[in-house]
Amino acid sequence: MTLTRSMARLTAGLAGAALLSASLSAQARELSVSTVLSDAFPWGQAAEKWAELVEERSDGELTLRVYPNSQLVSGDQTREFSAMRSGLIDAAVGSTINWSPQVPELNLFSLPFFIPDEAAVDAVTGGEAGELVFEAIESRGVIPLAWGENGFRQVSNSRGPISQPDDLDGLKIRVVGSPLFQDTFSALGADPTQMSWTDAQPALTTGAVDGQENPLSVFDVARIDQVGQEHLTLWNYMNDPLIFAVNQQVWQTLSEEQQTLLRETAVEAGEWEIAMTREDEAERLAAIQERGVTVTELTDEQYQVFVDATQSVYEKWAPRIGEEVVEAAQADIDAR
C-alpha cells in the first residue's frame, strides 16, 4: 500500500512537472521580427509598439523580439521577404519597396506620381486594391496583418533646386535596388545609382552621388543635410506603406486566440504609427529648414509636368504590377 502511494505521488509529481514545463514553454514562445530601421525612426517605432502591445496583452504567452537594421538578413533589406517566406524570419514590419522584387503587385505604390496625397494612400490601402495586394502577399507564403507608413519619398541633392525634369539632368541619384526606381529617374534624365543605405551616406559625403530620395523622417533623423544635401524638393513622387506580416507556417502553429491577438495589435500599432508619422511631418520639415536646407514645393502645374515625363514608366510597369490591381487603385483614388 505504501509503495502504491509512493508511486502515485511520483506519477503525480512527474505529471505536474510536465505541466509546468509545458506552461513555461508556452510562456517562452518568442517570434523574431525584422525591420530595416531602428526605433530612432517611425518605422522602427512601429515594430517596437507592436512588440509592446503583444507583451502587454498575451500575459507572457507570446512575445516579439525586434531585430532592427536588417540584421537578420546581413544588411540586405531586399532579402527580408524571402527570408520570412522561407522561415528564417518569423515576422516583419517591412517596406513595400523592399518586398516588391518578390511581390510585383507591391510596385503599385512606387508607380511615379500615381498616388498624390495621404487621402489617396488611405483609399488604396483601405480599398479593393489593398485587398488585392494582401492576397498577393498571402499567395506567396506570408500572412499580411496590417498597414503602417514610411511616407512619401522626396528628393534631395547637393547641386541646386529641383522644380522641373530638366533640373535632374545628369544628376547621380542614389536609389534602392528596384528596377522601377531606375526607370523613373532615367526617364527624368538623371543617372540613378543603386546602392544600400550603408554605402549611400559615404557616397553623398564624397560627392560620388549628387542626391538621394527618402521620406522626410529619414532625411531628418539621419541628418542627410550634413552630407551635402542642401536642396530638398517636396514632390510626393511615390509612397512607401509598411506592412506587418508573419510567416505562414508560423501563423498556422499559433492558436486562434494568438492569431487574433497578433492581428489586432498589428492594426493598432500601424494606426498609431501612421498618425504619429503624419502629425510629425510639419515639425520635421520646419527643423530641416532651420538647418539651412532650401525646400522647394511643386505647384500643381509643375507636378503635372513630372507626371507627363514619367508616363512611359507607368505604361511599362502597369502590366507587370497587374492591370486589375492598378485599375482598382485608380478607382479607389478617384472615389476618395
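**Close-up 1. Glutamate 30 has threonine 63 in strand 2 as its bridge partner.** This is a predicted model, in which local features need pLDDT of at least 70, side-chain atom pairs count only at pLDDT 80 or more, and totals for chains, interfaces and linings use all residues. Residues are numbered from 1 along each chain as its sequence is written, and side-chain values use heavy atoms, with hydrogens and water left out. Strand 1 (residues 29–34) and strand 2 (residues 62–67) run parallel and are joined by six bridges; two strands pair if DSSP finds at least two bridges between them. Helices (H or I, at least four residues) and strands (E, at least two) are DSSP runs, numbered from the N terminus.

**Close-up 2. Helix 13 (residues 311–321) holds the buried residues Val313, Trp317, Ala318 and Ile321.** These residues lie on the same side of helix 13, because they cover an arc of only 120° around the axis, the arc being that of the directions from the helix axis to the C-beta atoms. Buried means under 20% relative accessible area, with a 1.4 Å probe and protein chains only. Among the elements that cover the buried residues of helix 13 are helix 7 (179–187) and helix 14 (323–334), where contact means heavy atoms within 4.5 Å. Glycine 322, which follows helix 13, has a positive phi, near 120°.

Note on methods:
Buried means under 20% relative accessible area, exposed over 50%, partly exposed in between (1.4 Å probe, protein chains only).
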